[in-house]
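The stops below are to be taken in order.

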Amino acid sequence: MKPVAVVTGASSGIGAATALLLAEHGFHVVAVARRAERLQELARKSADIESMVVDVTSDSDVMKLAQHLSGKPVELLVCNAGGAFDFDTVITSDPEIWMKTYDVNVVGSVRTIKALVPLMTEHGKGHLVLITSTAGQVAYENGGTYVAAKHGEVALARTLRLELSGLPIRVTEIAPGMVKTDEFALTRFSGDQERAAKIYAGVAKPLTDQDVAEAIRWSVMLPEHFNIDSMTIRPVAQAAQHKVHRVPN
Ligand code: 8X3
């Protein structure tokens, strides 16, 4: 039986690209997200992808996922579900958005990890990969909700690595910088295409979801004694969070 990889937030972007790449590299992938149609579309692309509608903010959904996986060789969990839902100063931000951002990015990962680690322990090995962000390393104006949540997710990865010490479970945190996906910036700007496009304006080659998937695949396929604690990846044009080379058009 092929090793099982669970990818959250798999209905688009980095999650979908990762599901496809892992399926090409010997995993049976359980692709989870909230949007059934998109997941089904993804599952049609590979016989090694099955889909399941799971909202990581729902205890009962995550419990259903664990039940479905019970007895299966679960070796990998990619905690990718997340996102930014505003671009606002702390002073003008909405506390509800703080809660939502923290719930999806941090507690959603916690829920899924809590549910799946016992299966990995039973199986005898496992790997938790948390897709954080360079927003988990440095603060930026109008990024408060997302910056705080991503700092939280980094802390989660670090804590887990200590607490799981002695178990054959690897913990990797991958922090992408500027990645151009279909939805990240659009979601942040509530569907405003013009504002979303400005994020990438003049940047020769932002990272793609496939680039991030490749970093995940590489970390996962290293020998089992070899743990990537943390990996920061950016396009060459982004020297630092605030230092992006843009070519005027
Ligand atoms: C996305 C990177 O720079 O928008 O995780 O925070 S950034």
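A residue is called buried at under 20% relative accessible area, exposed at over 50%, and partly exposed in between, with a 1.4 Å probe and protein chains only. The model is predicted, so that local features need pLDDT of at least 70 and side-chain atom pairs count only at pLDDT 80 or more, while totals for chains, interfaces and linings use all residues. Residues are numbered from 1 along each chain as its sequence is written, and side-chain values use heavy atoms, with hydrogens and water left out.

Select Ser 190 to begin. This residue lies in the loop between H6 and helix H7 (193–199); helices (H or I, at least four residues) and strands (E, at least two) are DSSP runs, numbered from the N terminus. Ser 190 is exposed, because its relative accessible area is 66%. Its phi is positive, at about 50°, although the residue is not a glycine. Most residues other than glycine have a negative phi.

Asn 142 counts as partly exposed because its relative accessibility is 26%.

**Helix H5**

Now select residues 144–163, which form helix H5. The expected span of a helix is 1.5 Å times one less than its number of residues. For the 20 residues of H5 this gives 28 Å, and the end C-alpha atoms are 28 Å apart, so the two agree. Colour the buried residues of H5, among them Gly 144, Tyr 146, Ala 149, Gly 152, Glu 153, Leu 156 and Leu 160. An α-helix has 3.6 residues a turn, so residues three or four places apart point the same way. Which elements do the buried residues of H5 pack against? They pack against strands E4 (74–79), E5 (126–131) and E6 (169–176), and against helices H4 (95–123) and H6 (184–188); contact here means heavy atoms within 4.5 Å.

Select Thr 181, in the loop between E6 and H6. Thr 181 counts as buried because its relative accessibility is 17%. Leaving out residues up to four places away in sequence, Thr 181 touches Gly 13, Ile 14, Tyr 200 and Asp 209.

Continue to Gly 108 in helix H4, which is buried, with a relative accessible area of 1%. Beyond its neighbours within four places in sequence, Gly 108 is in contact with Val 56 and Asp 103.

Finish at Ala 33, in strand E2 (residues 28–33). Ala 33 counts as buried at 6% relative accessibility. Its contacts, not counting residues up to four places away in sequence, include Gly 9, Ser 11, Leu 39 and Val 53. The C-alpha atoms of Ala 33 and Val 53 are separated by 5.4 Å, although the two residues are 20 residues apart along the chain.
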